[in-house]
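Please look over the sequence and the 3D view, then read the points grouped by topic.

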Amino acid sequence: MQKKPFVTLSQVQEMARIYPTPFHLYDEKGIRENARRLYQAFAWNKGFKEYFAVKATPTPRLLQILKEEGCGVDCSSLTELMLSEACGFNGQEIMFSSNDTPAEDFQLAEKLHGTINLDDITHIEFLEKAIGHIPERICCRYNPGGMFTLGESEEGFQVMDNPGDAKYGMTRAQMTDAFRILQQKGAKEFGIHAFLASNTISNEYYPALARILFQTAVELKAETGAHITFINLSGGVGIPYRPEQPENNIAAIGEGVRKAYEKILVPAGMDDVALYTELGRYMLGPYGCLVTKAIHEKHTYKEYIGVDACAANLMRPAIYGAYHHITVLGKEDAPCDHLYDVTGSLCENCDKFAVDRMLPQINTGDYLVIHDTGAHGFSMGYNYNGKLRSAEILLREDGSAEMIRRAETPEDYFSTLDITGIFNR
């Protein structure tokens, strides 16, 4: 698969006249089309709803687009709840999935009438003290423990992740106890949630997770008599960061979940259970990029291209060694015959967007697109070295550009400090 940017050199040149690089850029057309594909894949489930993971891209204009496409929000903190409220989300449009949760977070989630997803059995008592009661509609997060494996190949089972090492969720026995306790305290409508693996490139992940949760739901209903009305498959459906990786087929994923639903839930008389997802990376990842300009060349023991972005704008390569594809705009068809490290300006040697990457010859002034930053890109930014967060720009469906978050200024950086006269020098 060839990774092609959703923006052209001429478009970026025009934007850069108004919005200096670096900036994060989002593709409205791609976002809307992808949301519609997801809803089509799960159209067979009457109550299906996507709760976008706000942590991935907490930008109001993008949340508004997703809301227009029928999505809710998955929040994990007080400020994410506040942001979602400001964007017009309320009630069952909000899922609150948190851990080690402060009381004030639970209080706002309840005030907004969002659905609270409890991470631990001890949180039942904590929640009751925080808000004065137990909501009639409640969810519990399940962690089956052990290693999560998927499929079988010549090398054996594919290990997807290690839930047993994760801090999230309740054990199977705790789920039963939690449902019983919650019922005694007035809960009447239950949901189940689990997250077992991150950024999976497999059409089998969601169906496998669904089988686990569907069977657990059947067992919990038999054990407790609880009315389980929804099951949240959470996130974990990934995107192909590398050109050679295959894309997930959301239609095939939806069909795999449907087969599990009809095999497990329907015979148990649970054919009214609504399915939820809380995707972040899948929803926005490919539809965002970091646009940056080459400003330096360095020729020492290696060939370096210095750009005006840095790990403060996109930290995944620096902290994870994560691969993000790079396109040199205007040179999409040029041979990749130069070996570069593409670096930022932080005082950290890990501040590199690419290491030993074959790219076309890059000249000072060239614009580079760093792909797949639409989720966990801008949102993970920080101010180390006094670097300022960049602007966010929306490439609208009509081809125009809209600034949806301005770039930070030095005044923003110093605004929390009690320093007088610093800007009067």
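**Nonpolar cores**

The largest nonpolar core has 83 residues, and Tyr206, Phe214, Ile231 and Met283 are those with the most contacts inside it. Helix α8 gives the most to this core, with nine residues. The model is a predicted one.

- A second, separate core has 16 residues, including Val307, Ala309, Phe353 and Ala354.
- Leaving aside neighbours within four places in sequence, tyrosine 206 is in contact with Phe42, Leu233, Ser234, Gly235, Val237, Ile253, Val257, Thr277, Glu278 and Leu279.

- Helix α8 covers residues 205-224, and its 20 residues should span 28 Å at 1.5 Å a residue. The C-alpha atoms at the ends of α8 are 28 Å apart, which agrees with that expectation.
- The buried residues in α8 are Tyr205, Tyr206, Pro207, Ala208, Leu209, Ala210, Leu213, Phe214, Thr216, Ala217, Leu220 and Thr224.
- After α8 comes glycine 225, with a positive phi near 75 degrees.
- Helix α2 has 14 residues, 28-41. From its first C-alpha to its last, α2 reaches 20 Å, close to the 20 Å expected at 1.5 Å a residue.
- In α2 the buried residues are Glu28, Gly30, Ile31, Arg32, Asn34, Ala35, Leu38 and Ala41.
- An α-helix has 3.6 residues a turn, so residues three or four places apart point the same way.

**Aromatic rings**

- The structure holds 12 aromatic pairs. In one of them, the rings of tyrosine 39 and phenylalanine 48 have centres 5.2 Å apart and planes at 75 degrees, so this pair is edge-to-face.
- Phenylalanine 42 and phenylalanine 48 form a stacked pair, with 4.7 Å from centre to centre and 10 degrees between the planes.
- Phenylalanine 42 and phenylalanine 48 are both buried; the relative accessibility of phenylalanine 48 is 9%.
- Tyr39, Phe42, Trp44, Phe48, Phe214 and Tyr261 are linked into a cluster by ring pairs.

**Charges over rings**

- The charged end of lysine 67 sits over the ring of phenylalanine 89, at 5.5 Å from the ring centre.
- Arginine 316 has its charged end over the ring of tyrosine 241, at 4.5 Å from the centre of that ring.

**Asparagine 143**

- Asparagine 143 lies in the loop between strands β6 (137-141) and β7 (148-153).
- Asparagine 143 counts as buried because its relative accessibility is 12%, and buried means under 20%.
- The side chain of asparagine 143 reaches two backbone atoms: the nitrogen of glycine 145 at 2.8 Å, and the oxygen of tyrosine 168 at 2.8 Å.
- Not counting residues up to four places away in sequence, asparagine 143 touches Pro163, Gly164, Ala166, Tyr168, Gly169, Met170 and Thr171.

**Alanine 187**

- Alanine 187 is in the loop between helix α7 (172-184) and strand β9 (189-193).
- With a relative accessible area of 7%, alanine 187 is buried.
- Alanine 187 touches Ile134, Pro135, Glu136, Ile138 and Leu182, not counting residues up to four places away in sequence.
- Proline 267 is 80 residues from alanine 187 in sequence, and the two are 25 Å apart in space, C-alpha to C-alpha.

Conventions: Residues numbered from 1 in each chain as written. Predicted model: local features only at pLDDT ≥ 70, side-chain atom pairs only at ≥ 80, totals over all residues. Heavy atoms only, no water. Helix = DSSP H or I, 4+ residues; strand = E, 2+ residues; numbered from the N terminus. Buried < 20%, exposed > 50% of the residue type's maximum accessible area, 1.4 Å probe, protein only. Polar contact = N/O pair within 3.5 Å; in protein donor to acceptor, adjacent residues only side chain to side chain. Contact = heavy atoms within 4.5 Å. Expected span 1.5 Å × (residues − 1). Phe/Tyr/Trp six-rings, centres within 6.5 Å; stacked < 30°, edge-to-face > 60°. Lys NZ or Arg CZ within 6 Å of the ring centre and 35° of its normal. Core = buried A, V, L, I, M, F, W, Y, C linked by side-chain atoms within 4.5 Å.
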